[in-house]
Amino acid sequence: MSMLPAEVHAALDQLLQGLQSSDNTIRSAAEESLNTEWVANRPEVLLMGLVEQIQAAQDPSIRSYAAVLFRRISTRTRKEPNSDTSKEQFLCLPQIQRNAIREKLLPCLAGENIPNVRNKIGDAVAEIARQYTEEGEQWNELLQALFNASQSPEPGQRETAFRIFTATPGIIERQHEDTVKSAFSNGFKDSNTAVQLAAMEAFAEFFRSLQKKSQKKYYELIRDILNILPPIKDSGENEMLTKALMALINLAEIAPTMFRPLFSSLVAFSVGVIQDKELDDLPRQNALELMATFADSSPAMCKKDPNYTKDMVTQCLSLMTDVGRDDEEAEEWNASEDLDIDESDMNHVAGEQCMDRLANKLGGSAILPPTFTWLPRMINSSSWRDRHAALMAISAISEGCRDLMIGELDKVLELVIPVLTDQHPRVRWAGCNALGQMSTDFAGTMQERYHQIVIPSIIPVLESPEPRVQAHAAAALVNFCEEAEKQILEPYLDQLLSHLMKLLSSPRRFVQEQALSTIATVADSAEAAFSRYYDALMPMLFNVLSGEQSKEYRLLRAKAMECATLIALAVGQERMGADAVNLVQLLGNIQQGITDEDDPQASYLLHCWGRMCRVMGQNFVPYLAAVIPPLTQLASAKADIQLLDDDDQVAQIEQEEGWELVPLKGKVIGIRTSILDDKHMAIELIVIYAQVLEAAFEPYVAEILEKIALPGLAFFFHDPVRVASAKCVPQLLNAYKKAHGGESDQLHQVWERTIERVLEVLSTEPAIDTLAEMYQCFYECLEVIGKNSMRPEHMNTFIESAGSVLRDYQERVQARLEDAADKEDGEEESEETLLAIEDDQTLLSDMNKAYHTIFKNCGAAFLDYWERLLPFYNAAAVNQDPTQRQWAICIFDDVLEFCGEQSWKYSQHIIQPLIDGMRDDVPANRQAAVYGVGVAAHKGGEAWSEFVAASLPMLFQVTQRQNAREDDDVFATENACASIAKILHYNRSKVGDLQAVVQAWIETLPVVNDEEAAPYAYAFLAQLMEQRNPAVVANAARCFNYVALALEAETLQGNTAKQIVGATKTFVQTAGLNAAELLGSLSPQTQEIVRKHFG
């Protein structure tokens, strides 16, 4: 029985017909009526009316559309009556109306017999259930109804129950584990395959919603789940097999160890699917994806399986031969002008991507043996597809297998180089691809050791008859040259550029474009050596830039701009002469001609302006008025965000490039990332202008700070925008300081606005890696402003934020420890966990620098705020994690260095960590601890004298460790040497047998790595020389040698070097030493350096 009058339903019928009309005018009027009359004024009537339409409409399409509209309207957000809070539309209705609507909705679900309509009603029910769950409210009737549906003799009803569980797993009452297990087990064993699949999908979502400890209780169900697969495969039902594999992929991502007892069987099944060519490509690729997911989430389990790696490599290589169907001679491939065809759904691409993942996750020791069992045979095969696949496999595995392959590059190149003359163009293309990828993955080694093999082999390929091969050879040269030193490239420049310049005359534009990119890279790497080619190339580029202006030549002109400005950077303003101004004017003309939003020249142009600013320096200032407005307009862009109400809208956006889809509370949010990428790039370019121009950039600083950089710190739609903004703020402040002076009122006013915003983001930034960038922004700003840059309220805010960050950090560490405790023996940390640990280490490091900078500029005034977090420092100092111990010691070092005698107040917190640190087996921690002892002696005053004297034996022990002069340990050793010198020079009142200590100290020299430690050590040595200390006189030649080594290593520079050299010259003369004999004991190179300093 209807609860609404007939006239309401008549109006609603008309509305629904209008909304579905193909006439735009009628449909627009209906949408206007929906929003202004129904949703705004009587949403309860609309939702009840839609439910009654679902219940009573004779036309299935009306019932289906009413269900879709009900779901869409119920999720709209609006302000709750008599409140400032916003809720979804359904939850804003009075309780009695909500109850009435849901009471009618459930019978609609139970009574609908048409599957697609029932699914739409189920989606509406799931949406209401989600809203209740997130509000913490119960809908007990729903659970009973779904339980009844799951037991229904009608398969469609059973399937619908699981579909709703999939959409809202939160409604499942976790406390009734046995009931839940039984329901899912029955679903997995159902006689209807569609119900089985719905149960799999529901279980995957339910399982994902559980805490890890609870997940293990459901591991026993995996056998029932896997038993679903073989009958589906045998039936040849491609779509069903695809769905089943997708559900397994979700489970494998969450809990791969759940599959351990049956993993070998699953590997065998999946390999059987992958190699079954009777199946469609999609289920075969999903089986491959399932196996690759295990490599991602549990590489140890994969490596332990006797067949996994061998079989997976074999199947990947087999899929990679499925290339160029119906195009044996590659005529269609070579005729194509579109080089960016999306082939992500092709078998050969799936195979390549999987090989890359296997190599990165399992490593070379697992992947290389089975791969190179196949590659020599494939590369010598008569089938071009085999040869192509072998080369693409080398490209795919080189990054992940780098550590082992780098020692075997001779053998790998013996396979690759000959194919550059292969008769088939796609094989030559793949050979270029392999060399390009290897040039990146083995950067440095490829260029230094194999340039004489690689470059002469690629250059002839530039003359290939096929344009696509020419272009790819040029692209491979980009990879090689961008990692090459100029002295390596210089002998090849004539050949390279003569061939590349010929490609500029190619009839195919993509070849010309690639040639320009390669020339630009060569110029960037060759630097000044490129100068001799300037006169031949730059006029050609000017002709391109001032020539054909039609639309199809835009990208070519953009590449020419890039090339010209990179050449300008390589050769410099002096070599360019008047061309610098002419090029800037030409770029200005191009900018004025850009009218279309999709013109690629616009984004290229922004980078080109940045390069010309670096080339011209202050001479670029007159052009800022034309350059900065379009840049700031791009940097000011707002986020383009759309709420996608239905599947059709989602599908439409998915087809468009430059969008990211984010699920949120039952809805999908579309974010146009292309705009955000441009915004990020524009802010990065602003950083360059501020860095290069400094004071000359001042006219733009205030507005950019206020409207772009500071708001950008809290631009939560795009992490890179926040990072770029964090790098921008200190540079803008520096430009303002250069213009107005460090003590100016103008700078003070700007800083007052800035510090509030910067401190705010330290407590609001959600991403750990980006939070580290915010701390870096903060301390770089302090470094610009200098002394007294923080008032008490700023220090208070900083400490409150730091405390919150440290508490969150401790929770993350504890969660990782609990996860590690649950791991089985031999199970490795996931890449996600390793990245999270690395992010936390970076965060601690940048927090440390923030503390350091505050103490440096505010001194002891910060202590009262700092000490509020002493429990954190104390806990970190004794933590088993060496990173935390180092963090605490470095903070204590700052107290000692910048708070002078007031640091003694905290001696009970500081002394033991320094003692433990000097004995720490981690070199970085020893370095921090011995440095702390030195600054205690230098800055701490008499109160620290007893401690520093007692530390001398431990400092000497640091310098006498077995590997004291090795790369990892040498900085700790040299800091210990400098700290002993500080004790003996600044705070020796409690040192016994001073002369014996001095004698022993000389043995700890030289200091040839640490530029901060060297001045203290050598200043004390100079003092001993001036005093003609017996220890120095007895070791005169050695002391002279120590000074010479420091000069050679450049750890002594400037005035410090002059003072040490002066003291050493005097000592040599007064001690009656033979200067020629002393010099003769040095290497020729060191002798030359010493003569320059000593005259």
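Visitor: What makes Arg357 and Glu289 a salt bridge?

Guide: Their side chains meet at 2.7 Å, N to O, and a salt bridge is a side-chain nitrogen of Lys or Arg within 4 Å of a carboxyl oxygen of Asp or Glu. The pair links distant parts of the chain, with Arg357 in helix H21 (residues 347-362) and Glu289 in helix H17 (residues 281-297), 68 residues apart. Helices here are DSSP runs of H or I with at least four residues, strands are runs of E with at least two, and both are numbered from the N terminus.

Before we go on: this is a predicted model, where local features need pLDDT of at least 70 and side-chain atom pairs count only at pLDDT 80 or more, while totals for chains, interfaces and linings use all residues. Residues are numbered from 1 along each chain as its sequence is written, and side-chain values use heavy atoms, with hydrogens and water left out.

Visitor: Why are Arg357 and Glu289 called partly exposed?

Guide: Buried means under 20% relative accessible area, exposed means over 50%, and partly exposed is in between (1.4 Å probe, protein chains only). Arg357 has 22% and Glu289 has 28%, so both fall in the middle class.

Visitor: How do you know that Glu490 and Arg532 form a salt bridge?

Guide: Their closest N and O atoms are 4.0 Å apart, and that pair is listed as a salt bridge. Glu490 sits in the loop between helix H29 (486-489) and helix H30 (493-503), and Arg532 in the loop between helix H31 (509-526) and helix H32 (534-546), so the pair ties together parts 42 residues apart in sequence. Glu490 is partly exposed at 35%, and Arg532 is partly exposed at 48%.

Visitor: What separates Arg130 and Glu134 in helix H7?

Guide: About one helical turn, because they are four residues apart in helix H7 (residues 115-135). Arg130 is buried at 9% relative accessibility, whereas Glu134 is partly exposed at 44%. Both belong to a network of salt bridges that also links Glu88 and Glu127.

Visitor: How many salt bridges turn up in the whole structure?

Guide: The search finds 48. For aromatic pairs, the search gives 41.

Visitor: Why is the pair of Phe207 and Tyr219 called tilted?

Guide: Rings of Phe, Tyr and Trp (its six-membered ring) pair if their centres lie within 6.5 Å; planes under 30 degrees apart count as stacked, over 60 as edge-to-face and the rest as tilted. Here the centres are 6.4 Å apart and the planes stand at 35 degrees, so the pair is tilted. Phe207 lies in helix H11 (residues 193-209) and Tyr219 in the loop between helix H12 (212-215) and helix H13 (222-226), so the pair joins parts twelve residues apart in sequence. Phe207 is buried, at 0% relative accessibility.

Visitor: What kind of aromatic pair do Tyr851 and Tyr873 form?

Guide: Edge-to-face: the rings are 5.9 Å centre to centre, with 85 degrees between the planes. Tyr851 is in helix H44 (residues 831-858) and Tyr873 in helix H46 (residues 870-877), 22 residues apart. Both tyrosines are buried. They also belong to one aromatic cluster, whose members include Trp866, Trp887 and Tyr906.

Visitor: What makes Arg42 lie over the face of Trp38?

Guide: A charge sits over a ring if NZ of Lys or CZ of Arg is within 6 Å of the ring centre and within 35 degrees of the ring normal. Arg42 is 4.1 Å from the ring centre of Trp38. Arg509 likewise has its charged end over the ring of Tyr553, 5.2 Å from the centre.
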